[in-house]
Amino acid sequence: MSVIKVDNLSKNFKIEKKINGNFFNKINNYFFPSYETLEAINNLNFKINQNERVAFIGPNGAGKSTTIKILTGIMQPTSGSVKILKKDPIKDRKKLAYKISVIFGHCSKLWLHLPVIESLDLLSAIYEIPLNEYKKTRDSLIDLFLIGKFLHKPVRQLSLGERMRCELVASFIHKPKVIFLDEPTIGLDISAKAIMRNLLRDMCENWDCTLLLTSHDAHDIEIVCDRVILINKGKCVIDSSLENMLKNIIKKKIITVLFEKINPFIEMEGINIVERMPYKVKFEIDLKTITESYVVQMLMKKHKILDITIERPSLETIIKTFYN
């Protein structure tokens with residue numbers, strides 16, 4: 001079942017032209033301004049099914065945040081249609097608010113001067129959650145996100161990592177069917193990011209939640225998501241499972257081999273030695289010409305190997321090639 005459906009979506013912005021010239025030209029432009037049209041989204045189409053975890057990515061200015069604002073009813077499209085849980089996010093915004101959740105990295109669902117627990121209590125009243133159901137969900141989320149130690153602290157006194165974990169609890173408190181995340185790990189340190197990613201993935205798997213994530217961090221995409229939609233200049237460039245995207249795009253791999261004997265002789269079509277040490281050799285293989293399994297098989301046949309590692313280009317490197 002399609003939880004999110006986007007058909008021929010377009011969004012244009014009317015922007016005033018900057019006039020460079022003398023004083024009289026500027027005065028004339030002040031009273032009679034001229035405008036140009038900026039096309040933020042151009043005929044965008046995609047569907048997201050129930051329980052999918054989708055990375056919605058692209059370079060700065062690609063139209064990601066604009067799309068999310070339209071999907072959540074914050075902004076109206078110029079043309080096209082959007083359905084979230086078979087509802088129109090503009091016309092049915094109040095009804096959808098009970099079934100979706102949105103996290104923007106720079107915005108908060110919590111009240112900064114209130115203790116976390118009181119913010120959660122307020123949200124339960126806003127979402128009209130029955131008391132017994134709220135307490136059961138709240139206690140489960142507190143245990144899962146390990147926020148028990150700072151429940152009674154004002155939000156303004158929490159570290160960024162602690163606050164983001166509380167933001168996630170606040171976002172899941174009404175058991176949303178769809179969650180939109182815009183740069184949820186921005187500004188977090190390495191360990192806080194790792195915790196956030198694992199929690200997000202586990203929550204979506206265990207709570208039957210559909211997720212749409214925008215992020216410039218490739219590790220967010222790789223750990224949390226199972227599908228990638230890449231847009232550029234408002235158009236869809238890639239829509240594929242993460243696994244298929246990596247299979248189809250990766251053309252080269254790096255193999256590092258530790259040999260028992262010094263200075264081994266290696267010659268094979270499709271490989272290029274990039275680093276050589278007395279007992280260790282690192283080389284690049286061209287997957288169009290040869291497979292890594294064949295290379296490993298031939299190496300083990302001719303040499304005694306102590307250790308071997310196979311690396312592919314990072315997801316970040318792959319994404320950059322599309323941005324360029």
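Predicted model: local features only at pLDDT ≥ 70, side-chain atom pairs only at ≥ 80, totals over all residues.

Residues are numbered from 1 along each chain as its sequence is written, and side-chain values use heavy atoms, with hydrogens and water left out.

Helices (H or I, at least four residues) and strands (E, at least two) are DSSP runs, numbered from the N terminus. Helix H6 covers residues 160-172 and helix H7 covers residues 190-206; their axes are 10 Å apart and form an angle of about 10°. That angle makes H6 roughly parallel to H7, a label for angles under 35 degrees, with over 145 counted as roughly antiparallel, 65 to 115 as roughly perpendicular and the rest as oblique. The axes are lines fitted to C-alpha atoms, for helices over the stretch in contact, and angles run from 0 to 180 degrees between N-to-C directions.

Which residues of H6 and H7 make the contact? On H6 they are Gly-161, Met-164, Arg-165, Leu-168 and Phe-172, and on H7 they are Ala-192, Ile-195, Met-196, Leu-199, Leu-200 and Met-203. Contact means heavy atoms within 4.5 Å. By class, the residues of this contact between H6 and H7 are nine nonpolar, one polar and one charged. Here Ala, Val, Leu, Ile, Met, Phe, Trp, Tyr, Cys and Pro count as nonpolar, Asp, Glu, Lys and Arg as charged, and the others, Gly among them, as polar.

Helix H9 (residues 242-249) has two sides. Leu-242, Met-245 and Leu-246 of H9 are buried, whereas Glu-243, Lys-247 and Asn-248, on the other side of H9, are exposed. Buried means under 20% relative accessible area, exposed over 50%, and partly exposed in between (1.4 Å probe, protein chains only). Seen down the axis of H9, the buried residues fall within an arc of 95°, so they line one face of the helix. The arc is that of the directions from the helix axis to the C-beta atoms. An α-helix has 3.6 residues a turn, so residues three or four places apart point the same way.

The loop between H6 and strand E6 (178-182) contains Lys-175. Is Ile-173 buried or exposed? Ile-173 is buried, with a relative accessible area of 1%. Beyond its neighbours within four places in sequence, Ile-173 is in contact with residues including Leu-123, Tyr-127, Ile-129 and Tyr-134. Ile-173 and Ile-129 are 44 residues apart in sequence, with 8.9 Å from C-alpha to C-alpha.

Lys-177 is partly exposed at 44% relative accessibility. Residues up to four places away in sequence aside, Lys-177 touches Leu-85, Lys-99, Asp-208, Cys-209 and Thr-210. Lys-175 is partly exposed at 41% and has a positive phi of about 50° although it is not a glycine.

Asn-43, in strand E2 (residues 35-49), has a positive phi of about 55° and is not a glycine. Its relative accessible area of 43% makes Asn-43 partly exposed.
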